[in-house]
2 protein chains.
Amino acid sequence: METFVNVPEGSHFPLQNLPYGVFERPDDGERHVGVAIGDSVLDLAVLHERGLFEHDALRDERPFDRPSLNAFMSLGRPVWQAVRERVTRLLRADEPALRNDEALRNHALLARDDVTMLLPAEIGDYTDFYSSKEHATNVGTMFRGEENALKPNWTWLPVGYHGRASSVVASGTDVRRPCGQQRPDDNAPPVFGPTKLLDFELEMGFFTGPGNALGESIAVEDAEEHIFGMVIVNDWSARDIQGWEYVPLGPFLGKSFATTVSPWVVPMAALEPFRTGGPEPDHEPLEYLKESGSHAFDIHLETAIQTEVMNAPHTVCRSNFRYLYWSMEQQLAHHTVNGCNVRPGDLLASGTISGPTPDSYGSLLELTWRGAEPLDLPGDAGERTFLEDGDRVVMTAWAEGDDHRVGFGEATGRVLPAR
Amino acid sequence: METFVNVPEGSHFPLQNLPYGVFERPDDGERHVGVAIGDSVLDLAVLHERGLFEHDALRDERPFDRPSLNAFMSLGRPVWQAVRERVTRLLRADEPALRNDEALRNHALLARDDVTMLLPAEIGDYTDFYSSKEHATNVGTMFRGEENALKPNWTWLPVGYHGRASSVVASGTDVRRPCGQQRPDDNAPPVFGPTKLLDFELEMGFFTGPGNALGESIAVEDAEEHIFGMVIVNDWSARDIQGWEYVPLGPFLGKSFATTVSPWVVPMAALEPFRTGGPEPDHEPLEYLKESGSHAFDIHLETAIQTEVMNAPHTVCRSNFRYLYWSMEQQLAHHTVNGCNVRPGDLLASGTISGPTPDSYGSLLELTWRGAEPLDLPGDAGERTFLEDGDRVVMTAWAEGDDHRVGFGEATGRVLPAR
């Protein structure tokens, strides 16, 4: 299956992917839903206006002529599938409708370099889970000691918390070093100032589709119907602020200053070929969390750091989405089992995804073991325990096919000095 | 100062109050912003259309012809003040513009009994603090023992957490008893089922105005500019679900099934006469939380329960907003000190407001001391430890003036059986 659009070798966006994003057109400043293909973006609002989507549910809707994916997410999986099939067809080398219409092509196919990518959804609520056993164990060991590392509830339910939706930003947004209370000396009062322990957290997240009404729930076997697609998430963390504030109500200002997401939402249909088994559970879960089949995905994850004196990012962590103990379906079933309603465009993130080996740990906290083992950076760049001003963090993710990659692009952000 | 509209004795809504709400008109189903006066609601969209608001900021906006207060909240305090002055004037007995225009009056003044009240804002983010020292001490004692009750951070910062925005509902919405994991026996696996420990939490909350950009913060002395007004909040809680899930990331499903708010947002200008001092702090706070003057408000709070066999609600708790240790300004300054952005329509709640005496405790958990001391209900209604199906919880709040009350109306909800 080939497309008439040029897709460079190693591109994250071949015809097999077709992720959705929201972008601003350089010509008229309009904000539309588009699909990435190679180095281009295909404007779905333009195609829709030309009558190229014939699905009933789309006839009276304008889900692509919008500054967010929420309306499209709300339409549900049959519509997502129909649109995906239609876009695939229109981009195929043997389909003339778009290929041979030069005026349409010029208007609908834009260079990705020329457009500004925006946050893909208006996020009603953002939830962050804690679903990597390796991460929970590492952090628990450091914060509470080895014996108390994994709390008794951890293997029974996907532990999670409500995050801050307002400060979720699109990739490329600079991140201001936060100020806050810290208590470096347990025998002295806390102090106020810029965080000294600024960290990244390598995560993946998914956006929800139709969702459920308040008081109802989504069964684990139906959860797929409500998972629109996935993005990379960098859950920036200020460890000193977090460590002082988090008992007993959980993380708050140590996280709420910024969360970066990649701009392209990879649909679950594109990830289907990469479905695989996850870790063996420690014990059977309760009935509402039981599922059969394979619910993990083989998605390679990397985090790189580029300091101000470096010419290119240096990879400091290689992990994989399949390490997660709890699946997205289990997370969604758990989240709604009490009747909590999920709406189109909600973001549910995995928590830091650490693997079994030290080079697969998804945060500097773990990679440097709370600063005890600094990371060596190449050349004259010295070493890092936590992030310094000017550092750029680059996260990337992809699933490796036979002769192509289904990728997520990047989630990047640069650290600005505290105000 | 009198109004030509009838205000019954003891009404929560005299001319001194003028709270804002969103309602659905019975005639055309339109959703507008209105103001409560006596037993009536004044439709501000109708007045605006008639050209009765002349403020520059309102000329090209239609902030009242909307299904939420967010647009009006975003305009800022000078506009709020101008609208309040205008509405006060229009309702005065000595002002003919509305009083003498029968057609306008019939269209703009509706019986409150005839309209449906809606959630006052589209809540972008909902934050719940934990700012009553008595409540934090009571709950901490029960969950972690007396010595560990108040964590060391509590007197240094307003502890809070992100709540779930999607499940905040308007007063009158029934609340389905949630299901979830509980672990009644520490030596056995957890079990799944309807919560056995369903509780209310008596809180107050405030909606934010313009807010701050990401990376900036709101100084404690500027916080008032961003506080639009207050509502009653019932933060329904499932204590068994909460107790099992909340370590280490805080409350999640034990709270996210429903949060009820009263429909009328009382503007801060109406509460100004009831400003008073709060509790003496245990020690000086850090600089960014320091404030001079009085920042508490003398607002009387009550919670009543009406079971299915009772003819009227029975008051089980009498508390006061002035018991809170941390002020709203301190909460907002703390929330944004790390650069976290607050948007118009965000809801920041106080946490349960318990007073010093046992009859002032703001939750059944505290009132019955975790079920050990059941509450006696009148007549044949028996006793209560936690809420049972069919129970209706009624919260009310008012500030007592010389010859009038500035009140909040009610926040009510009835418990439906688990699904």
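A disulfide here is a pair of cysteine sulfur atoms within 2.5 Å. Run that rule over the whole of this predicted model and you come back with zero disulfides over all chains. Take Cys179(A) as a test case: its nearest cysteine sulfur belongs to Cys340(B) and sits 14 Å away. Since the cut-off is 2.5 Å, Cys179(A) is in no disulfide. Is Cys179(A) buried or exposed? Its relative accessible area is 12%, and buried means under 20%, so Cys179(A) counts as buried. Over in the other chain, Cys317(B) has a relative accessible area of 1%, so that cysteine is buried too.

Now for how the two chains meet. Chain A puts 58 residues in contact with 58 residues of chain B. Between them they bury about 5500 Å², and carbon and sulfur atoms give 63% of that area. On the chain A side, the residues that lose the most area to chain B are His162(A), Leu249(A) and Phe252(A), which together make up 15% of what that side buries.

The interface has a polar side as well. Counting residue pairs in polar contact between chain A and chain B, with both partners at pLDDT 80 or more, gives 32. Which elements of chain A supply at least two residues each of the side that touches chain B? They are the strands β6 (126–129), β7 (160–162), β10 (179–182) and β11 (191–194), along with the helices α8 and α10 (328–336). The largest share comes from β7(A), with three residues. Salt bridges cross the interface of chain A and chain B too, and the rule finds four of them. In one pair, Arg164(A) is bridged to Asp346(B), with the closest N and O atoms 2.8 Å apart.

Helix α10(A) deserves a look of its own. Nine of its nine residues are buried, so the helix is mostly covered. Several residues of α7(A) are buried, namely His135(A), Ala136(A), Asn138(A), Val139(A), Gly140(A) and Met142(A). Part of their cover comes from α11 of chain A. Just past the end of α7(A), Gly145(A) takes a positive phi of about 90°.

That brings us to the backbone. Most residues other than glycine have a negative phi, and most peptide bonds are trans. The loop between α11 (364–367) and β23 (375–376) of chain A holds Trp369(A), whose phi is near 45°, a positive value in a residue other than glycine. Arg370(A) lies in the loop between α11 and β23 as well, and its phi is positive at about 60° although it is not a glycine. Are these two residues buried, exposed or partly exposed? Trp369(A) has a relative accessible area of 30%, so it is partly exposed, and Arg370(A), at 47%, is partly exposed too.

The bond from Val247(A) to Pro248(A) is cis, with omega near 5°. Chain B has a cis bond from Val247(B) to Pro248(B), also with omega near 5°, and Pro248(B) is placed in the loop between α8 and β16 of chain B.

Strand β16 of chain A is where you find Thr260(A). Its relative accessibility is 1%, so Thr260(A) counts as buried. What surrounds Thr260(A), leaving out residues up to four places away in sequence? It touches Val169(A), Ala170(A), Ser171(A), Val175(A), Ile232(A), Val233(A), Asn234(A), Trp236(A), Ala411(A) and Thr412(A). With Trp236(A) there is also a polar contact, where the two side chains are joined at 2.7 Å.

Conventions
Residues numbered from 1 in each chain as written. Chains lettered and ligands numbered in written order. Predicted model: local features only at pLDDT ≥ 70, side-chain atom pairs only at ≥ 80, totals over all residues. Heavy atoms only, no water. Helix = DSSP H or I, 4+ residues; strand = E, 2+ residues; numbered from the N terminus. Buried < 20%, exposed > 50% of the residue type's maximum accessible area, 1.4 Å probe, protein only. Contact = heavy atoms within 4.5 Å. Buried area = accessible area lost by both parts, 1.4 Å probe. Salt bridge = Lys/Arg side-chain N within 4 Å of Asp/Glu carboxyl O. Polar contact = N/O pair within 3.5 Å; in protein donor to acceptor, adjacent residues only side chain to side chain.
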